Amino acid sequence: MNISYLRKIWNYKLVEYQKKKKTSIVFGYPYWLTVDPSSRCNLKCVFCPTGQDRNSRVKTILSLENFTRIIDKFGPYLFHADFCNWGEPLLNNDLPKMVSYAKKYGISTKVDTNLSMKLSEDYARELIRSGLDRMNISLDGASQKTYEVYRRGGDFDIVKGNIRLLSALKKELGAASPHLHWQFLVFKHNEHEIDKAKDMLKEIGADSIGFTAPFCSPDWVSSIESYNNYIVKNDGVSFKAPDGTCGWLWDAITVNADGSVSPCCSVEDEKDDFDNIFAKPFWMLWNGKKFRQARKHIASRQGPKKDNICTRCDHIGASNHAAVKPG
């Protein structure tokens, strides 16, 4: 076991200990990174603030230079990096270079994409050669008619063609990755195509398919209970309580395309961010007032509800990365 991996393990154990104790000050570095290569998008998805032009965030592209600054800061401690947040990552031409740079630190990498733009063969090759581990492809339906209900402006045939291209190039290059995962958000209008999508999996060249309950307006919710995130009562609608406790504030960091730092990947408005990664030394940000205040709230579930976005969180933000078990 080399020294760099031992450093990651030591940091992971320190962070997990502090998370368990729910300390307001964290001495370890985050071991999970969400970074947004682009806050611009090519689609108009119904419930997405970017797609609906709610202007909650500045539209920009993360530069390769700024990305390397971020990775040089966190890379020695990271186990994983997600390349996506509020925009379409493939709109950043430097994405393959970013992934390749992250891989130098031994980080597992994932890109979430709508894949609804024609990929050139050269760009597709770059993505595969970058060492990207996984690509989650948002394709919510098994036909153009159902797919475009939510992914407005999307082209079902273009997405399928891109998956086939990537699959063929993987075989040509003898590459085991990226794993091409078809992510299907299940709504009321597309639930009837679940079986059809399963049957299409091999045809289009994806490696796996997953069906997910979306966060959406309750009138869009699937009639299949397992794909419903909501509880409807006479006094209103609430989220189903997640399993576990939110760990974002201890083990992860979210950096947006302009360098602003969110406490998790669900913070829609830039005004609710905690600072900018380039504005001050990391420790002043990581253990600044807003992070400490949020951690105290998660630990106690007490205090005023207006102090910051975490104290106002509707669904208690259970971590979506709890499966990390290094060692």
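Q: What is the order of the strands in the open sheet, and what is the pairing?
A: This is a predicted model in which local features need pLDDT of at least 70 and side-chain atom pairs count only at pLDDT 80 or more, while totals for chains, interfaces and linings use all residues. Residues are numbered from 1 along each chain as its sequence is written, and side-chain values use heavy atoms, with hydrogens and water left out. The open sheet has nine strands in the order 6-5-4-3-2-1-9-10-11, with mixed pairing. Strands pair if DSSP finds at least two bridges between them. Helices (H or I, at least four residues) and strands (E, at least two) are DSSP runs, numbered from the N terminus. The protein has 10 helices and 11 strands.

Q: Why are strand 6 and strand 11 said to stand at the edges?
A: Strand 6 (208–212) and strand 11 (275–276) each have a single partner strand, so one side of each is left without a neighbour in the sheet.

Q: How do you know that strand 1 and strand 2 pair?
A: Four bridges link strand 1 and strand 2 in the parallel sense, and the rule asks for at least two. L33 stands opposite A81 in strand 2. Strand 3 and strand 4 (residues 134–138) also run parallel and are joined by four bridges; T113 has I137 in strand 4 as its bridge partner.

Q: What makes both faces of strand 1 count as covered?
A: W32 and T34 on one side are buried, and so are L33 and V35 on the other. Buried means under 20% relative accessible area, exposed over 50%, and partly exposed in between (1.4 Å probe, protein chains only). Of the 327 residues in the protein, 52% are buried.

Q: Which residues touch the most other members of the largest nonpolar core?
A: They are L33, F83, L115, W182, I253 and I277, out of 89 residues in that core. Helix 6 (residues 156–173) gives the most to this core, with six residues. A nonpolar core is a set of buried Ala, Val, Leu, Ile, Met, Phe, Trp, Tyr and Cys residues joined through side-chain atoms within 4.5 Å.

Q: What does F83 touch?
A: Leaving out residues up to four places away in sequence, F83 touches residues including V35, F67, L95, M98, V99 and A102. Contact means heavy atoms within 4.5 Å.

Q: What makes the buried residues of helix 3 lie on the same side?
A: The buried residues of helix 3 (residues 95–103) are L95, P96, M98, V99 and A102. They cover an arc of only 160° around the axis, which puts them on the same side of helix 3. The arc is that of the directions from the helix axis to the C-beta atoms. Among the elements that cover these residues are helix 2 (64–74) and strand 2 (80–83).

Q: Why is the pair of F74 and F282 called edge-to-face?
A: Rings of Phe, Tyr and Trp (its six-membered ring) pair if their centres lie within 6.5 Å; planes under 30 degrees apart count as stacked, over 60 as edge-to-face and the rest as tilted. By this rule there are 21 aromatic pairs. The ring centres of F74 and F282 are 5.0 Å apart and the planes stand at 80°, so this pair is edge-to-face. F74 lies in helix 2 and F282 in helix 9 (residues 282–286), so the pair ties together parts that are 208 residues apart in sequence. F74 counts as buried because its relative accessibility is 0%, and F282 counts as buried at 5%.

Q: How do you know that the charged end of R295 sits over the ring of W286?
A: A charge sits over a ring if NZ of Lys or CZ of Arg is within 6 Å of the ring centre and within 35 degrees of the ring normal. The charged end of R295 is 4.7 Å from the centre of the W286 ring, and sits over that ring. W286 also belongs to an aromatic cluster, with F74 and F282 among its members.
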